[in-house]
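The structure is shown first, and the description follows.

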Amino acid sequence: MRPTLFHGLVRLLLALCLAAGASAHALTPADALALVDGDTDVRIDTLNKLAAEPDEKASALIKAMAEEAVRLQGERVLIVVDDAAVDAVTGEKLPLPDDAGDVMINNRLRSAMDSALAGMELVGAAPERQREAARTLQRSAFEEPDISQLALIDKALAGNLDAQARQNLELAQAAVLLASVDPAQRLAAAQKLGEAKQPIVRPLLLQQMEKETDTGVKAALADSLKGIDRMLALGNTLAQAFTGISLGSILLLAALGLAITYGLMGVINMAHGELIMIGAYATWLVQVFFRQSLPEYFDWYLLAALPIAFTASALVGAAMERSVIRFLYGRPLETLLATWGISLVLMQAVRSLFGAQNVGVENPSWMSGGVTFLGNLNLPWNRIIIIGFAVAVLVGVTLMITKTRLGLFVRGVTQNRPIASCMGVNTARIDTYAFALGSGIAGLAGCALSQIGNVGPDLGQSYIVDSFMVVVLGGVGQIAGTVYAALGLGLLNKFIEGWAGAVLAKIAVLVFIIIFIQKRPQGIFAMKGRSAEA
């Protein structure tokens with residue numbers, strides 16, 4: 001009998017403890033009234049206290065306030081449900097009184113309410129929702145640290161959380177503790193925020209630095225700021241390098257086709273920029289077709305646009321070669337003037353067909369967004385994919401020139417046209433194929449450029465001069481030199497731009513090219529005789 005009596009007493013004590021705990025956390029009339037009426041600071045403190053307590057009535061009241069479904073009758077707080085009302089404290093249902101007044105909610109209280117709701121939704125939510133709620137709490141803690149938020153954050157941290165959500169909440173906890181009256185807590189918070197090395201932490205540390213009185217905490221704040229500044233400097237340097245590589249990949253795509261038509265064939269094609277423009281407009285037309293006729297496959301329109309852009313520019317290039325350029329081989333000045341005239345014709349034709357205004361080309365969803373490193377280093381997916389695409393085009397062109405029958409014929413005709421003709425090579429056809437190939441690569445460049453900016457009739461004019469500079473600097477006829485020149489100019493331009501501005505960067509790059517060509521006219525890689533080997 002004694003064990004049974006003992007177990008009964010234990011169960012009775014547990015029940016009493018649970019009942020006492022439940023009554024301690026139950027929503028009281030005083031808390032309900034303090035939440036909906038009175039001084040804003042008191043209301044926010046009450047909000048954070050109730051949000052941290054596991055009470056269904058308090059949670060229901062907070063959610064109803066967020067939906068502006070709370071009324072106040074004297075000292076009685078009512079939740080509006082349809083055309084009736086429910087007493088927030090007792091749960092009693094009653095008709096909505098005519099004299100019930102609205103509850104005023106200012107912006108500061110609404111922000112605190114959003115944070116409280118986020119904290120209440122953290123436990124048991126899906127990982128995506130946890131991360132979103134944790135970011136809300138972190139943003140609130142960083143913008144206006146309030147020690148009353150600590151109970152809500154501690155409650156959320158005690159639950160089973162996603163790793164990213166937990167990291168954000170720990171930063172929010174440190175931000176709140178930075179406002180503590182205890183120097184030891186402020187010291188630990190300063191060290192914790194410094195370890196995060198995130199740009200969002202820096203303004204908070206600077207703000208605390210101005211009003212901090214404790215020398216130990218001030219030293220910890222200074223160390224944390226130095227670490228964050230070093231991280232930001234590294235991120236800025238890597239960002240400039242990535243931007244330079246991105247610009248270099250764009251210059252490479254724009255100049256690669258010119259490396260064939262000018263470098264291998266010796267044709268000064270001033271319409272090369274317009275061939276890029278044609279590829280961009282072909283991409284835009286494919287996008288319009290997919291949006292109107294195949295909207296469910298819109299994300300894949302770019303894969304269909306690549307061969308169409310290549311073909312469109314290649315056909316225009318072949319028509320140019322057959323109709324005009326084949327009569328001007330060996331006469332560079334006449335070729336320059338003729339292709340310049342063709343470029344004007346192509347620009348006016350595009351204006352007549354599609355209008356003079358720019359058209360927008362939308363990124364597929366898989367090219368949207370980006371990847372963030374070190375807090376301030378953001379790598380957009382469209383730039384990353386364009387860099388990979390430029391590498392793929394470069395590898396394809398190199399293999400075609402060095403490993404295929406067409407590449408062998410192109411190199412043979414360029415190196416010694418009479419001997420190639422004697423060997424049975426149709427030199428006129430090879431000229432057309434080579435020029436169409438270079439033009440098609442320009443179309444691929446236009447397809448890529450459409451993903452990072454607007455498409456207009458003047459698109460090609462922005463790249464023709466840079467393309468010629470890349471080819472000449474790299475060495476005429478040298479595809480490897482084109483790669484080095486494109487990446488080198490891209491990096492040089494972006495690093496100087498970050499130091500001196502865009503205009504001075506362009507001038508500095510141009511001066512560098514002039515001096516380099518004066519010292520080494522053959523470019524980075526010298527051409528061996530009339531060799532066209534890549």
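Arg202 is partly exposed, with 28% relative accessible area. The model is a predicted one, and Arg202 is a partner in one of its salt bridges, with Asp229. The N to O distance in this pair is 2.6 Å. Asp229 belongs to helix H11 and Arg202 to helix H10 (residues 201-211), so the pair links parts of the chain that are 27 residues apart. Asp229 is also partly exposed, at 32% relative accessibility.

In total, the structure holds 7 salt bridges. Another of them joins Lys192 and Glu170, whose closest N and O atoms are 3.4 Å apart. Because Lys192 is in helix H9 (residues 183-196) and Glu170 in helix H8 (residues 163-177), this pair ties together parts 22 residues apart in sequence. A further salt bridge is formed by the side chains of Asp458 and Arg351, at 2.9 Å from N to O. Here Asp458 sits in the loop between H18 and helix H19 (464-474), whereas Arg351 is in helix H14 (residues 332-354); the two are 107 residues apart.

The table gives the relative accessible area of residues from the latter two pairs.

| Residue | Relative accessible area | Class |
|---|---|---|
| Lys192 | 32% | partly exposed |
| Glu170 | 28% | partly exposed |
| Asp458 | 43% | partly exposed |
| Arg351 | 30% | partly exposed |

Helix packing is the next topic. The axes of helix H15 (residues 381-403) and helix H18 (residues 427-449) come within 11 Å and cross at roughly 170°. An angle over 145 degrees counts as roughly antiparallel, and H15 is therefore roughly antiparallel to H18. On the H15 side the contact is made by Ile386, Phe389, Val393, Val397 and Met400, and on the H18 side by Leu437, Ile441, Leu444 and Ala448. Sorted by class, this contact has 9 nonpolar residues, no polar and no charged ones.

Leaving aside residues up to four places away in sequence, Leu256 touches Val393, Leu394, Val397, Ile441 and Ile479.

Notes: Residues are numbered from 1 along each chain as its sequence is written. This is a predicted model: local features need pLDDT of at least 70, side-chain atom pairs count only at pLDDT 80 or more; totals for chains, interfaces and linings use all residues. Side-chain values use heavy atoms; hydrogens and water are left out. Axes are lines fitted to C-alpha atoms, for helices over the stretch in contact, and angles run from 0 to 180 degrees between N-to-C directions. Helices (H or I, at least four residues) and strands (E, at least two) are DSSP runs, numbered from the N terminus. Angles under 35 degrees count as roughly parallel, over 145 as roughly antiparallel, 65 to 115 as roughly perpendicular and the rest as oblique. Contact means heavy atoms within 4.5 Å. Ala, Val, Leu, Ile, Met, Phe, Trp, Tyr, Cys and Pro count as nonpolar, Asp, Glu, Lys and Arg as charged, and the others, Gly among them, as polar. A salt bridge is a side-chain nitrogen of Lys or Arg within 4 Å of a carboxyl oxygen of Asp or Glu. Buried means under 20% relative accessible area, exposed over 50%, partly exposed in between (1.4 Å probe, protein chains only).
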